[in-house]
Every structure is written in structure tokens, then in C-alpha cells.
Amino acid sequence: MTMTAQPQSPTMAHEPKVTVHLKIKRYNPEVDTRPHWEEYEVDMSPGDRVLDALHQVKWTLDGTLSFRRSCAHGVCGSDAVVINGQNMLACVNLIRNVGTHLTIEPIRGLPVIKDLVVDMEPFFAQYRSVLPYLIAHDDPGYKERLQSPEDRERFDDTTKCILCACCTTSCPVYWANDSYVGPAAIVNAHRFIFDSRDQATAERLDILNQKSGVWRCRTAFNCTEACPRGISVTKSIEEVKRAILYDRV
Amino acid sequence: MAWTAGAIATAQLRKNFTIGRFHAKLESVKVHYHSYDAVIVGAGGAGLRAAIEVAGKVRTAVITKLYPTRSHTGAAQGGMCAALANVEEDYWEWHAFDTVKGSDYLGDQPAIDIMCREAIDAVIDLEHFGMPFSRTPEGRIDQRRFGGHTRNHGEAPVRRSCYAADRTGHMILQTLYQQCVAREVNFFNEFQVFDVLFDESGGERRAAGVVAYELATGDLHVFVSKGVLFATGGYGKVFRISSNAHTLTGDGQGVLYRRGIPMQDLEFYQFHPTGIYGFGILLSEAARGEGGILRNGLGERFMERVAPTVKDLAPRDMVSRAIHAEIREGRGAGPDKDFVYLDLTHLPPEQIDAKLPDITDFARTYLGIEPKTQPIPIQPTAHYAMGGIPTNVEGEVIVDDKGTVLPGLYAAGECACVSVHGANRLGTNSLLDIVVFGRRGGRAMAEYVNSVDHPDIARGAEGEVRERIERFKAASGGEKVAAIRNELQQTMTENASVVRTADSLRDAHAKIEELTERYHSISIDDKGEVFNYDLVEAMELSHLLDLAKGLVVAAEARQESRGAHWRDDFPTRDDVNWMKHSLAHRGDDGNVRLEYKPVVGGRYQPMERKY
């Protein structure tokens, strides 16, 4: 290790603040008939998260602004929003990387309830429709089921999903047709279809072979670009399509 | 209270002089009544594990202020210890010894025995539920080293932590949620519990339900139920530098504390050694389990001096204090010499990618550095409350120093204090705690509710919550929630964290008194019903203030250093006077009264804690 290789961040604590302009799509169902834009300016450090800027607005300028958040480091999936046109988690994008002029909207394709808060129920209903849990009828007894590292690796990518809905709400097919189960549900089906311990592959493939299933996907790749966990979403959808076509996983 | 009268006057004015849609709604908060056998509050690991246990047995509502998968169990990284002995010799008794020693002899040994023995079943259960553990070449659950976990009573680090890369908590949370979906568990998502109900009609106080606030509508919901299990997690947001989620505001503890349930061992709060500098975001101990090294600003591996045998894998309290000492003695790094490094640069890049993908991504995202070639700046971060709602090993809540149970009331997970972690929790034992005691609490509650009648709750039980909400919406005092919370977090991190003194605690105490006074003058911007997080944050802040005060008062009283509670003015452990648990009672005036109860011993006698 070279101690001269000073990391950037500690000096960044001393970096001058920058003025961040936020243009936020607001909607309060108790007052508004339609959404409107409101603009705010806050002073932030370049190393602050977009979420910090939203908090700064809420905590110092306008307490009526509503948005979901929890962990603030990209593992809980609460704060998916559209930032400058792209689906992102507000907590894993720094001002330094996204710029000082931010247009922030709720994710698309789910009903807006208030400001940046959308109704997640349709999303979770689609998740539940693919039987997102291990189904294994054998009795493993008192021991663990064995699984080789290679078999474990086959579904590793799709275990990373945090159900933030960045993928599903970036999908043009989903915007046009909300009966499509959407990428996130397929990712969570993939996680079990390719798990060597699971015994319900046929049932899940039947569900995803229906007209609301994988064939709706037009490989736009928006989902893969939007995933904050770096999951190869489109690839996993393609693997499920192939499993249906060739009847094997 | 004077401000109650003020609020009534304001409400009266509003009634007489204002018209219009919004105020008309304010006058009539909708109330819904539900009847269940059991209610589980919180849907992290402990709540979900309890829900699985009661599913199909008793009619249950699971109430969470988030969506279950947003819970902070998902942020746990490194693993869950159990003496499976899959990769090397190990016994649950060794695990128990390490836990007792790690607790600085404040943990109750019968409870620790149960946890370490049942750990093995708990891991196997999770595997059967579908948990995608990382595997050995033979296909068994892989295990790795972790801080404070040793072979044969301290000889050397042992591979005991079962893990799924560095997202073990995420996998546990997902797996438990998946099993709840399979069992069609009845969730009330984004409902926040603000009060607990008791039935005293039988002469004895017993649990009778909760009052919840529905975030989407602003409606109140009275859940009448025979059993109530709190699993609401920690309160790490009392500190400024914290690994905890914004939502970890001690709601379960806060609600019960206000209703006369004591809080145990609040002075024991864990600071994780490796939080990302400036952010406090957790970098798992697994980084050191995989061979990572801590270095000060001079490049020295300072843990060699502090813990010659286990070095960087010493327990968290010791490592955090060692970092604090390096910084205080001028050997920190950076322009302000206020951090040290976690160095992974000597590890094979493939190992980093396979075993530590998430945390290295955090370093890239938040600090813009590449951990394969650059050391990561870190500082201790507030992480875990050892103390909380006192329970026995069945998860039943205890209300005094004699072990008296409050029938029907349960707690599990970080919000509870069994006590298996004593003065300092070992890494991985929190994930273990939630599954072992979530299961036990759920099981005990299911048995209990099948043996008692439905409680008797009169209509209007939501009255106090309704009054608090209306008071906030009517208030015009000018104090801001965020300002008070920031000042609270600042004083707690400065004065009541890794190292404490009588003076620093006195400062914190005085500040909390001032902030509590100012809290009465809070006003909020959002007077609406729909997703009014402005109101929610105001309500949560009262929990943070109450728990912070309890913590500081208990810490002022404890004139010794034990585990995570370090007093520079009393730098030794005092087993004669202080081998006992504190119980903080909150009076109606907000003042704290302390009492104590003995530690329950076992086969391990206290000895000096060296590693």
C-alpha cells in the first residue's frame, strides 16, 4: 500500500459547496388536480447524495415534499426516482456525478400518490404472481441441501434484486401495458428457476409463458441500464425465454 | 401540561373560524378497528421470522412502517455464526464462550447458551427456506472468520460465520419475506405504530393491541389483539455518524417506554469500527475476516499492539477504541488526521470480487476510490443497540427487576434485550439473534394467544395518538424537527459515543434537556393526510429524544468501563459494583429512574478480556 495515494474523499470534505438546482414534480392529491413543477436551490457538497439534497429541501425549505427513503446506501430500494430522465436510487448517486441541475420525477408506470411517492402494490402483486419462494417437496432431513458453488453461481446475479422497481418502471412495454409482469418479477422468477434446489420450474415457466409473461419483452435493455444493483436483467429474461423454448434450464 | 391547553384552545379556534376542505378533514380523522389474535410490529428479520412461526396457527397482522424488504436487516453484510463445523472443528460451546467474553460478562449465560445451540438449527432452517448461502467445494454451507469468534476459548480465529457473499442480511430478509409470501402472511405495509394498548380489566395489565397510523391516508387503525410482538429494530439515528437507516428511530422502544415499560442496558451502544469516512455506511467485518488490515496514517498495523493474538479480528468495542486512540494521539490519516484506513490492497482481486463485492462498490460509489489499489478511509460508526426492551428467552417482555412478565407482550431482535449481547455484541450475532428469538417469540405468542380470551378495549383507544397528531398540525411554535434532530445527533456523537466522561455526558444530558424543551414548540409544514412524512418525523423524534436521554443517564451512572461503554474517568471494569443490568424507567415527567438487576451467570467466570 502506498500511503501517498491519498483518497479523494477526505479532501472533498473541504471542497467548496455548490448550489444545486432541483426541479421536482409535485402532486398533492388533497389540493392539486394535476402535477406541477416546483423549483428549489440548496447548497450541497459535491460528495453529497441526491437524497441528501432532497432532504435539504424537505428539512429546510418545504416540509410538505414527500418521498420514500430508508437505508440511504442502495440496499433497501425505497428511493427509486427519475433523475434527469433516468431511473436511479437517489441515495447512490452523488451530486458530483449527476450535476447541479436536477429534474426529479416519480418513477413511471405506477400510479402517483403524492409527489415522488407511487403506489407500489401493482409492482408487488406482479412479484407475488411468479411464486417467488423456494418450492421443494423432498425432505432434506436435519441437514442442509447440498449445492455446488457452480450451481450456486448460476442464479447469483438475480439474488441481488432489492425490489426497487427501477427496472420495471423504465420498461416501455410496461408503460404501455401494465398487465406485463415486468422485468423485476422475471428476475425474481429466474432466481428460483435456476436454483438447483427448486422443484417448481415447470409451474413458473408456465406462468411466464402466458401473454403477460416474458414474450412481452422487446429487449430494449432499459431495465439493465436502470438496475442500481448491476443485475444483467435483460440477460436473465433471455435465459428464461430459452428455458421455455427448449424446455430445460 | 400547558401546551395541551394551548392545543385545545387552538383546536377550538379552528372549529369556530375556519372552513374549507382541508380543515374539515382535520376535524374527522377516520378510525378503523381491527381484531386479531396476534399483531407483529416490524417486518425485518425478527418480525418476519416470528410471522413465519405463527402463520397458519393464529390470525395475525404484521404491521410495518416500510415495505418488509426495506427493513434494515437487509443492510447486514458479513454473516451469521453457527458452529456447523463445516470447514473446521467447532462446537456451540466455543461460540457461547466467545459470546460471553465478547459481552464483557454482561450477557446472560443461559440465554447465550440457547442462542448458540439453536444457531445450528436456525441456519439449517434458513437453508431449507431457500437461503442462498455461499458454498464449499463439497456443496455445504461455507463459513468464514469474524471478529471475536475463536476456536477453543480464544486460541485463534475460527471459521464460524455462514454467509452469502457480503449481503447475508439482504439474503435473509429476502428469504424470510419470500416464505411469508408463500404463507400468505397478512401485511399492513406503511402503517406506523404510535401506541400500545393494555387491558387492565382483569386486575392484571395485559397486552391488548396497538394504534397505527396509515401513511397513505392519515387514518388511524386500532388493532385489538391478544398478543403483540415488537420487532422494530434499533435507534441508531440518535447519532450523527451512523450505519443505521433514516427510519431507525426506536419506535417500538419509544412507544413502550412512554407506557411504563423499562429499557434495559441503554448505555451499551455499539460503534462499528469500519464506517465509510464521513458517511458512516457500514463496511463489514467480513473485510477483515477475508484478510483486510487496519492501518493508521503512518501505515502501521496498530491492532497488532492492541490484540496480539487475533489482531484486526478483535471484537468491535476494542477495535473502535483503538481507532479512536490512534486518531486522538495524532496518528490518523488525511488533512484533519481524523480517520484510519481499511486496507484490502494485498488481497487477490478475484477474492475481493467474489467475497466482498457490495462493500467495495460502496467505497467506489461514495468515496470514488478503488479498494483493490487504494486503502479505504474509515471511522467508527454508530451501529447497534445492545440494550432495549427487556425480555426473557421466550421473548416475553419483563417489566421489573424480578422478571415479572407482562402477559401478551413480546419483543425480539435489536429492539429487545434478552440479554445475549451484554455490553458488546459480537459480529454476526445480530442476524442470529433475530432468527432464534424471532422464532421463539413467535412460538411463545402463538401458544399464549390460544390460551386467553380476547381483550376488552373501549372505543376511542386511539385518543392520545389522535391528540398528538392534531397538536402537531395545529402548532405554530417555529422549532424545526430537522434542527432539533441534528443537534441531538451532533451532541450524541461528540459526547456519548466511543469514549465518554462525566463531563461529556453532562454536556449531552444538558443538551437533550434543552432539545426536549424545544420539542414542545415544534411546528410542521405539512398539515395534510397523505404521506405526511413531516408529521411522522416529528412523532419519531420524541422516541429518539427519550432513548438518548435514557442512554445518557444510564451512562452517567455507570462508573466503570465495560464492553462498548468506555469511561475515560473510570477506565476499568468493576465486577464488584457493576456486573449488573440497568433498567431505565421513564416517569410521566420525562425523568429517568434507574434500577438494576443481576447478570445471570453460567459456566464461564469473568476474567480479563484479552485477545
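This is a predicted model: local features need pLDDT of at least 70, side-chain atom pairs count only at pLDDT 80 or more; totals for chains, interfaces and linings use all residues.
Strand β13 of chain B covers residues 340–343 and strand β14 of chain B covers residues 376–385, and three bridges join the two in the antiparallel sense. Within this part of the sheet, L342(B) lies opposite I376(B), a residue of β14(B). In general, the strands of a sheet pair through backbone hydrogen bonds, in either a parallel or an antiparallel way.

Another strand of chain B, β10 (residues 263–264), holds M263(B). Is this residue buried or exposed? M263(B) counts as buried because it has 28 C-beta neighbours inside 10 Å, and 20 or more are needed for that label. Leaving aside residues up to four places away in sequence, M263(B) touches Q253(B), Y257(B), G387(B), G388(B), I389(B), G550(B) and A584(B). L126(B) is 137 residues from M263(B) along the chain, and 31 Å separate the C-alpha atoms of the two.

The largest nonpolar core comprises 273 residues, of which A119(B) and L229(B) touch the most other members. The element that gives the most to this core is α17(B), with 15 residues. With residues up to four places away in sequence not counted, the contacts of A119(B) are C81(B), A82(B), A83(B), W92(B), H95(B), L432(B) and V436(B).

Attention now turns to chain A. This chain contains 10 helices and seven strands, and its C-alpha atoms fill a box of roughly 60 × 60 × 35 Å along the principal axes. Chain A has 249 residues, 52% of which count as buried. Where contacts in chain A link residues at least 6 apart in sequence, 67% of them join residues at least 24 apart.

Two domains are assigned in chain A: domain 1 spans 13–118, while domain 2 is made of 121–135 + 145–246. Their centres, taken over C-alpha atoms, are 28 Å apart. In chain A, domain 1 brings 13 residues to the contact and domain 2 brings 14 residues. On the domain 1 side, strand β4 (residues 86–89) of chain A supplies the largest share, three residues. By class, this side of domain 1 of chain A holds eight nonpolar, four polar and one charged residue.

Finally, the two chains meet each other: 57 residues of chain B are in contact with 50 residues of chain A. On the chain B side, the elements that give two or more residues are α5 (109–128), α6 (168–182), α12 (357–367) and α17 (533–557) of chain B. Which of these elements gives the most? It is α6(B), with six residues. The side of chain B that touches chain A consists of 28 nonpolar, 20 polar and nine charged residues.

Note on methods: Residues are numbered from 1 along each chain as its sequence is written. Chains are lettered from A and ligands numbered from 1 in the order in which they are written. Two strands pair if DSSP finds at least two bridges between them. Helices (H or I, at least four residues) and strands (E, at least two) are DSSP runs, numbered from the N terminus. Domain bounds come from an automatic or database domain assignment. Two residues are in contact if their C-beta atoms, placed from the backbone, lie within 7 Å. Ala, Val, Leu, Ile, Met, Phe, Trp, Tyr, Cys and Pro count as nonpolar, Asp, Glu, Lys and Arg as charged, and the others, Gly among them, as polar. A nonpolar core is a set of buried Ala, Val, Leu, Ile, Met, Phe, Trp, Tyr and Cys residues joined through C-beta atoms within 7 Å. A residue is buried if 20 or more other C-beta atoms lie within 10 Å of its own, exposed if 12 or fewer, and partly exposed in between; C-beta atoms are placed from the backbone.
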